[in-house]
Amino acid sequence: MAWKVASKTRRTLLWALLVLSLGANAFFIGATVTDFIRFRHDTSDKGPRVIRTELRWLKDRLSPEAVKSIEAQLDPLRPDIVARLDRLKTLRAELNALVAAPTPDKAAIDAHLRNIRIEVGAMQEQVQSRTFEALLSLPPEQRAALAQNRGDDD
């Protein structure tokens with residue numbers, strides 16, 4: 001049994017499909033361009049992401065000189081952070097191998113997950129401790145800006 005579709009309805013459906021297709025293409029092109037711009041922007045700052053993240057919330061609250069001072073005090077941590085990140089990559093690769101095994105060893109998987117959490121926690125503690133030591137070395141009038149609620153601390 002063949003469906004009979006009026007010529008006007010068929011044209012309307014084709015136009016609707018065309019508009020939907022163009023909308024989907026625009027969405028994916030926009031997402032790709034945004035991702036490319038973000039990638040290009042992030043490569044200008046060569047530091048580890050954990051340090052950039054810690055500094056990001058300070059950039060809108062402190063003077064550029066204060067942020068540079070804190071960043072300078074975090075610079076000596078970079079080699080250790082990179083070594084920790086390499087260790088995390090190794091632990092995750094080992095974890096992937098354990099999970100992919102025909103008969104996964106739950107105890108070994110749990111141990112690797114625990115080691116990953118310990119490594120991430122140690123790295124975070126190291127960066128945060130140094131950041132707040134650097135903040136405490138700033139004059140009180142510069143630190144006062146940190147107490148102001150900016151409404152963007154989600």
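User: In this predicted model, why does Arg49 count as exposed?

Analyst: The relative accessibility of Arg49 is 60%, and a residue is called exposed when this value is over 50%, so Arg49 counts as exposed. Arg49 lies in helix H2.

User: Which residues form the positive surface patch, and what makes them count as positive?

Analyst: The patch is formed by Arg49, Arg56, Lys59 and Lys68; Lys and Arg count as positive, and like charges are joined within 9 Å, so these residues are grouped as a positive patch. Helix H2, which spans residues 49-59, gives the most to this patch, with 3 residues.

User: Which residues of H2 are buried, and how do you know that they lie on the same side of the helix?

Analyst: The buried residues of H2 are Ile51, Arg52, Glu54, Leu55 and Leu58. Because they cover an arc of only 165° around the axis, they are placed on the same side of H2. On the face of H2 turned away from this buried side are the exposed residues Arg49 and Arg56.

User: Why is Leu17 called exposed?

Analyst: Leu17, which is found in helix H1 (residues 7-43), has a relative accessibility of 56%; since exposed means over 50%, Leu17 counts as exposed.

User: What makes the nonpolar surface patch, and how is its grouping defined?

Analyst: Leu14, Leu17 and Leu20 make a nonpolar surface patch of about 340 Å². Leu is among the nonpolar side chains that are joined within 5 Å, provided that the residues have over 30% relative accessible area and no salt bridge, and therefore these leucines are grouped as a nonpolar patch.

Methods. Residues are numbered from 1 along each chain as its sequence is written. This is a predicted model: local features need pLDDT of at least 70, side-chain atom pairs count only at pLDDT 80 or more; totals for chains, interfaces and linings use all residues. Side-chain values use heavy atoms; hydrogens and water are left out. Accessible areas come from the Shrake-Rupley method with a 1.4 Å probe; for residues, only the protein chains shown count as cover. A salt bridge is a side-chain nitrogen of Lys or Arg within 4 Å of a carboxyl oxygen of Asp or Glu. The place of a charge is taken as NZ of Lys, CZ of Arg, CG of Asp or CD of Glu. Helices (H or I, at least four residues) and strands (E, at least two) are DSSP runs, numbered from the N terminus. Buried means under 20% relative accessible area, exposed over 50%, partly exposed in between (1.4 Å probe, protein chains only). The arc is that of the directions from the helix axis to the C-beta atoms.
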